[in-house]
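Hi everyone, thanks for making time today. Please have a look at the model on the screen, and I'll talk you through it.

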Amino acid sequence: MDNSGIARVFSDIATLLQLKGEPVFKTRAYQRAADIASEYPGELSAIADDLDELKAIPGIGDAIAKKIQELSGTDRLEYYEDLKGEFPAGLLSLMEVPGIGPKTALRASEQLDIHTIEGLEAAIEAGEFEKLPRVGHKNAQSILRHIRSQRRQGDRIMLGLALPAAETIAARLAETCPDASNITVAGSCRRMRESVGDIDLLCTSDDPPAVAKAFAALDGVVDVLGQGDTRASVVLQSGLQVDLRVTEARHFGALLLYFTGSKQHGINLRARARSMGLTLNEYGLTSDLTGELETFDAEEGVYERLGLPFIPPELREDHGEIEAAENESLPNLLIDSDVKGDLHVHSDWSDGRVPIEEMVAAARELGRDYVAITDHSSGRGVANGLSVERLRAHNAEIEHVEAEVGGIRVFKGSEVDIRADGTLDYTDEVLSELDIVIASVHSAMGQERSVMTERVVAAMRNPHVTAIGHLTTRLVFDGARSREPVDLDLDAVFRAAADTGTLLEINASPKRLDLRDAHVMQARKAGVLFLINTDAHRPSGLSFMQYGVGTARRGWCEARDVINTLDAKAFEKFLALPKERRAGKTAVRT
DNA sequence: GCCGTTTTCGGCCCGACTGTTTTCAGTCG
């Protein structure tokens, strides 16, 4: 069973134990185990043979480690099956509807014989559901709205849609409500997670209730899910849910910290506060001794009071960031402006939308020092790939455009297909005429692990291949579709990348983000160096870079881990090195 | 169920909103 399956089982166990009335700390332990499983880089099943290695993961103890072993071996867990047997069927699916918790789900199931979302919907429409204790008409109608909006939107929305939407609604609030200051996007958007469940917006005001009220009345709001003195929760036309919290300026630091999350990072910080005789909440730190509340207008102050340096939002995932902060060993994360070039860009020569010249001009406009035009090769996988003749004409056109546009170095490149057998679409002789070769898988994605691994590693051994593009080919759920990653032995691939001096791309396109954050972390530890590329097919796509940088930051990358933070001159020097000398961190900045 | 330079036992994070109630349970983040 894969990590997401294991996470699902533990999450269900947590819910069922809660229903049974088990101590909250037990249910919390399982929920934490679920979070750990879903975030774990690499497959847990791969280390399941070694109980000690499992137990070395913080939050995994003896009992849960053994359950991971059982799940890895048999795809089944006796304990889980028994637990499920104690409850009516369909109970867990009911609880996926916002507004339905354990109590209500159990009553609906036992008293009304409801076991599916559709059954629930019918019972609400028939007026039966609202007769349950502590439900009532308004609750029932609110739940019905949630069912319908969830059906519209799916579970999560990709960051590339959420962040622009968040910025738009923030701007609208600023316009309508001059009284609102410090309007800030928080939550998983601020942590740059690849997809988010909803948008958290924070601001400060001398009159919070007025701002909450104005927010609920904003243009584009189609439904108000709740509204109080310090917060409001609305649904936009797109189906996206936005939660606003308002506070006085003196509480802003604690509020931002609190609602940036992650949940587990917050829990760890509050536990740390407790051990110092303090209570941390969204208003500040309260002394247990004097009962006095200390407030902070910025996050830095809260961290400082807890004896820690500022921890960037992308690191707040309970991946050892608090320990690193204590030891003053936090990474010096790369920032957007560190990125100097974009080495994976398409034009209308293959499947891009505009001529090379327009892409290059747009890249220069964004302040890039260099760019590579990497249209597709002639392989089967992709439409309108370049034959050898067209590739040579493409090379000539790139030289022409470089001279014509000026002020930006333009590299001759190709995104060349890695064929099913591991060979490439162009011969070595043709590849040697290029500055940049991004080798990618676009076909035969169903190959079994050993074949796919050898296929990618074979491409890495080619001396002309600069980097592997979007390694796993997975697609983030974009509201319509997603795609599972190909089956790869990532340990072997990362080792081979480091050994051969092949760079791995962090594809910044929000629907790809491939490598994903956990893989970046794993690859970086294996000594891999990266490129962050947009894979832009039109000028607007060139600004996806921020999502790639966010992903790299979530993988604890510094500028030195990412080769396209070099300026054009240093980057060319890097390219001039034979591949084997591009490996390892020492080769880079010399 | 997990965890430990204060502990192998006894701790383990905090508050707001809603609707249904007559003082608060349920849910959420």
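I'll begin with the whole chain and then go into a few local details.

First, some ground rules. This is a predicted model, where local features need pLDDT of at least 70, side-chain atom pairs count only at pLDDT 80 or more, and totals for chains, interfaces and linings use all residues. Residues are numbered from 1 along each chain as its sequence is written, chains are lettered from A and ligands numbered from 1 in the order in which they are written, and side-chain values use heavy atoms, with hydrogens and water left out.

Let's start with the overall picture. Chain A holds 25 helices and 17 strands; these are DSSP runs numbered from the N terminus, with helices being H or I of at least four residues and strands being E of at least two. The radius of gyration is 26 Å, close to the 25 Å from the globule rule for 590 residues, so chain A is as compact as a globular protein of that length. That radius is taken over C-alpha atoms, and the rule is 2.2 Å times the number of residues to the power 0.38. Along the principal axes, the C-alpha trace spans about 75 × 60 × 50 Å.

How much of chain A is buried? The buried share is 54% of the 590 residues. Here, buried means under 20% relative accessible area, exposed means over 50%, and partly exposed is in between, with a 1.4 Å probe and protein chains only. As for contacts, meaning heavy atoms within 4.5 Å, take those between residues at least 6 apart in sequence: 66% of them join residues at least 24 apart.

Now the domains, whose bounds come from an automatic or database domain assignment. Domain 1 is 3–153, domain 2 is 157–247, domain 3 is 252–326 and domain 4 is 336–589. Domains 2 and 3 have C-alpha centres 23 Å apart, and 14 residues of domain 2 are in contact with 13 residues of domain 3.

Next, please find helix H24, residues 545–554. How many of its 10 residues are buried? There are 9, which leaves this helix mostly covered. Among the buried ones are Met545, Tyr547, Arg553 and Arg554. What covers them? The cover includes helices H2 (24–39), H11 (159–176) and H23 (517–525), along with strands E11 (341–345), E16 (503–507) and E17 (530–533).

Just after H24 comes tryptophan 556, in the loop between H24 and helix H25 (568–576). Its phi is positive, about 65 degrees, although tryptophan 556 is not a glycine. Arginine 134 also has a positive phi of about 65 degrees and is not a glycine; look for it in the loop between helix H9 (117–125) and helix H10 (136–153). Are these two buried or exposed? Arginine 134 is exposed, at 80% relative accessible area, whereas tryptophan 556 counts as buried, at 13%.

Finally, two cis peptide bonds. One joins glycine 261 and serine 262, with omega about -5 degrees, and serine 262 sits in the loop between helix H14 (252–260) and helix H15 (263–275). Another joins aspartate 514 and leucine 515, with omega about 5 degrees; leucine 515 is in the loop between E16 and H23.
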